[in-house]
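This briefing goes through a few parts of one protein structure, grouped by topic. Keep the structure in view and find each residue as it is named.

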Amino acid sequence: MAVRTPDPDPNERDDDGTRDPLRGMGSSFGPVDPVDAGFGMPGDVTNPGWLTDLELAQARRRLPMLYVEAVPVRTDGMGAVIEVGILLRATPLGEMTRTIVSGRVRYGETVRDALFRHLENDLGPMAFPLLPPSPVPFTVAEYFPLPGVSAFDDDRQHAVSLAFVVPVTGTCEPRQDALEVTWLSPAEAASDALAAEMEGGRGTLIRLALASVGALR
């Protein structure tokens, strides 16, 4: 199944509501969107780092897109992984698929901030992820629009993803298009049955994550 990681919600607003100073300056991707140029309907707030549908489609045909992905885990008192959080998500076509926390890095955003934003978007504000000051990915996953180039595929684009294992200590209440989070044992998360339900080859990513923390038996 091709990866269908959703794009950020265009109605999502930054807390300070500030404008991107580059908005309205023109674009090499084509005509400036009226809202981006500041001519939207009253009450529109430009979201820094947001691309219009046209700009995103153009960029995806020309550039690799940078993503962060997070495998949420729960650990015991010794720090060993005892559960892995797998999301259930509805695709735009109405299909149900299993996946992990994933999303693009915005222009001007640090990798850590992008990780925290997507974890909060998918797991809720009370998940309390444990992120170090400088997160280090356990692998770099390359998604290609044509299957077979790598273990990962995405029919929309060429994407490069920094993948992290992130312990969470709070209560997870999925939001937006994540319908629920299922906590599985490491053995269940690494099973062939789950891999068959994962989008874009992410079953392989789960196994790499578990191997990186010594939880794959």
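Strand β2 is largely enclosed by the rest of the structure, because seven of its ten residues are buried. The model is a predicted one.

**Strand β2 and its partners**

- β1 pairs with β2 in the antiparallel sense, over three bridges.
- β1 and β2 form a hairpin, and five residues lie between the two strands. In that turn, Gly79 has a positive phi of about 90 degrees.
- β3, which covers residues 96-99, also pairs with β2 in the antiparallel sense, here over four bridges.
- Leu88 stands opposite Arg98, a residue of β3.
- β2 and β3 form a hairpin as well, with five residues between them. The turn contains Gly94, which has a positive phi of about 85 degrees.
- β8 pairs with β2 in the antiparallel sense over six bridges.
- Ile86 has its bridge partner in β8, namely Thr182.

**Helix α2**

- Helix α2 runs over residues 111-123 and so has 13 residues, with a span of 18 Å from the first C-alpha to the last. This is close to the 18 Å expected at 1.5 Å a residue.
- An α-helix has 3.6 residues a turn, so residues three or four places apart point the same way.
- The buried residues of α2 include the leucines Leu115, Leu119 and Leu123. Ala114, Arg117, His118, Asn121 and Asp122 are buried too.
- What do the buried residues of α2 pack against? They pack against five strands: β1 (65-75), β2 (81-90), β4 (101-104), β7 (159-167) and β8 (178-184).
- Just after the helix comes Gly124, with a positive phi of about 95 degrees.

**Contacts of aromatic rings**

- How many aromatic pairs does a search of the whole structure find? The search finds one.
- The pair is made by Tyr143 and Phe152, with ring centres 5.2 Å apart. The angle between the planes is 45 degrees, and the pair is tilted.
- Tyr143 and Phe152 are both buried.
- Trp183 has a charge over its ring: the charged end of Arg74 sits there, 4.3 Å from the ring centre.

Methods:
Residues numbered from 1 in each chain as written. Predicted model: local features only at pLDDT ≥ 70, side-chain atom pairs only at ≥ 80, totals over all residues. Heavy atoms only, no water. Expected span 1.5 Å × (residues − 1). Buried < 20%, exposed > 50% of the residue type's maximum accessible area, 1.4 Å probe, protein only. Contact = heavy atoms within 4.5 Å. Pairing = 2+ DSSP bridges. Phe/Tyr/Trp six-rings, centres within 6.5 Å; stacked < 30°, edge-to-face > 60°. Lys NZ or Arg CZ within 6 Å of the ring centre and 35° of its normal.
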